[in-house]
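Here's a quick briefing to read alongside the model. Take a look at the structure first, then come back for the notes.

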Amino acid sequence: MIRLRDVRLSLGDPAHGSCARFQLPSFEVDQGEAVALTGPSGCGKSTLINLIAGLRRPEEGEVNVAGADLGVLRPSQLDRHRGAHCGMVFQTFHLLAPFTAVENVAIGLRIGGMRKVAIRERAREVLERVGLGHRLNARPDQLSVGERQRVSIARAVAGKASILLADEPTGSLDPQTGRDVFFLLREVAAEEGRCLLLVTHDSALASDMPRRFDCSGLVQRSGDPQRKEKVAR
Amino acid sequence: MSLIAMAWRYLMFRWLVSLLTASSIALGVALICGVVALRHEAESALSRDAGLYDLVVGGKGSPLQLVLSSVYHLDSPTGNIDFTEYERLRRDSRVLWAAPIALGDNYAGYRIVGTEAHFFDLPGREGNGRFFELARGGIYKDPFEVVLGSYVANATGLEIGDTFFGTHGLVDLPGAEVHQDFPYKVSGILAPTGTAQDRAIFGSLASVWEIHETEERIHSAIQGSALLGSRRERQATAILIRLKAPGLRLWMADEIRKRTEGIAAIPINEIMRFQRGIIDPVQRALLVIASAVVAVSCLSCLLTLHQAAERRRRDIAILRSLGGSRLEVASLVFLEGVILTGGGVALGLALGHGGLALAAGPIRDATGLVVQSWRMPTSELLALGAIAFCGSVASLLPAISCYRRTPIEDLHLTE
């Protein structure tokens, strides 16, 4: 489902003296697999997520997601591929403030290319699934942080994406709400056999995941004496 | 949810900024609409009136003043001309139609124009039928019967059979002498013509002469001066002429100037000169001001959209992360600009033409110009096209900026 090989990517802006290099020899995830991405801040967890989502392009190597080599796709094809195959959940929810919960989910579906007549019904259905059937018409500022993250999860899974990419989804939540959201993500991912890649600093949550991938050392900053290469699997 | 609906929702989300931006565009558009429409309407209204007659003959003075007083019922007459000149002109084989007018009195500020009954036989400008049509009643038969212009009938509420007294002078002044011994009776009301004739009261020439000769005799008696022994040579304030061919205007005018003490003015020439000399420079200045307002409005629109796009970098990045293409997010920003500009233009049109509709009555009262407020001349459509183009360019710049951005760095922005 996801395969990265010999991926190299420059990060930061050399003109501003902040040069770093992302390097990943190999990383694979099968369909339905759930992987926790761990490691200290700045180690490359989010970069890995963004490479898989096609938000970043590698300078070298191959990024193959859902059967497509992202390196050869044109920007518009990359956007469509992301909309069709990847659902993203962010630490700060990233909901659109002017729109209600159901509209936030519907916009995701519309952009994903779903037929207009089916969108509203699907958005309602998936919000009910994450326990927000009673908050359909609430705007983000009227929702609690936990509810916002549920809307964000609903938006990610509504389009039937085969890959869920969650970048520290519990980072802004209190421990109990964080655990609730974590288990919800696990459940909705497992229900339809989706891959789940979850970035977390919470070792307890990471240990609850069937597989853990330590991203430490993926990013080498200029002048860094250690150069660690990791091979997963 | 369509892109238009999303753009609309974003605009409503910051409704105050949107409203202020659209209002500033509307203000510029309203100014431009007002100035352009007023200019066009003034031109066509002035030409419409001036085109009724090929020549106006009157006493010595300014030709423009003669035209304004006898065609538009504005300004004071230049002086009188012998009635015999009218009789001579009427017999001229080149003259299609001629009528004398005598001024001197008013009713409620509307001039009482003494003329002959065949004044109402003035042919239509295109040669189709008569220019004047009666809405009610008939042309006067007795000397002290009058026919009202349509606007006068509406403004005064006078109906067929009603009587009133004329007041001395061409404008309604407090304390002016009222001709109490000479009541006028309304015999007919004209259909609207869309010209200054709607604001006049037409009576017989004989009534005007009789009133003023009687008044003169009374004043002479009061002052103890001798009455004129014999009946004076009768005079008219002006003679209105329609020629068989407009090409004869200059020759006839020249002939009349040489033959008489008075002048002969060609109304359309005088009005064109008046427009070019006085009205056009003022209108051009107003147009420059209005264009400056529109330019500032478009810049303000650009600034608003740019700020909105900057504030929404995170939202744009979210849409991209959901699979939205560059073109979609750029279209969303562009549509916001188009809705703002379109709303501003529509509001400006309503304001401009609505304002013109409100001002039409006072303009008509003050100048006699009949302004058709809701007509859009080609020049206005061109101006609106230019504004729409500027608005689209102003919308396109932030849209291009959004198109070029990569979402990755903006995804880390907080709300």
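B:Ala108 sits in the loop between β3 (95–107) and β4 (110–115) of chain B; helices here (H or I, at least four residues) and strands (E, at least two) are DSSP runs, numbered from the N terminus. Keep in mind that this is a predicted model, where local features need pLDDT of at least 70, side-chain atom pairs count only at pLDDT 80 or more, and totals for chains, interfaces and linings use all residues. Residues are numbered from 1 along each chain as its sequence is written, while chains are lettered from A and ligands numbered from 1 in the order in which they are written.

- B:Ala108 isn't a glycine, yet its phi is positive, near 55 degrees.
- B:Ala108 counts as exposed because it has 12 C-beta neighbours inside 10 Å (20 or more other C-beta atoms within 10 Å means buried, 12 or fewer exposed, in between partly exposed, with C-beta atoms placed from the backbone).
- Over in chain A, Glu168 lies in the loop between β7 (163–167) and α6 (175–191), and A:Glu168 also has a positive phi, near 50 degrees.
- A:Glu168 has 22 C-beta neighbours inside 10 Å, so it counts as buried.

**A helix pair in chain A**

- α3(A) packs with α5 (residues 145–158) of chain A at about 25 degrees, with the axes 8 Å apart (axes are lines fitted to C-alpha atoms, for helices over the stretch in contact, and angles run from 0 to 180 degrees between N-to-C directions).
- That makes α3(A) and α5(A) roughly parallel, a label for angles under 35 degrees.
- Residues making the contact include A:Ala101 and A:Leu109 of α3(A), plus A:Val151 and A:Ala158 of α5(A); contact means C-beta atoms, placed from the backbone, within 7 Å.

**Where the chains meet**

- Chain A puts 25 residues into the contact and chain B puts in 19 residues.
- On chain A's side, the elements giving two or more residues are α1 (45–53), α2 (75–85) and α3 (101–112).

- The model scores ipTM 0.84 and pTM 0.70.
- Chain B has a mean pLDDT of 85, with 95% of its residues at 70 or more; pLDDT is the predictor's confidence in each residue, from 0 to 100.
- Within chain B, confidence is highest in strand β6 (residues 145–148), at 95, and lowest in helix α12 (residues 407–410), at a mean of 78.
- For residues 226–231 of chain B, pLDDT stays under 50, and the model has two contacts beyond four places in sequence there.

Conventions:
Angles under 35 degrees count as roughly parallel, over 145 as roughly antiparallel, 65 to 115 as roughly perpendicular and the rest as oblique.
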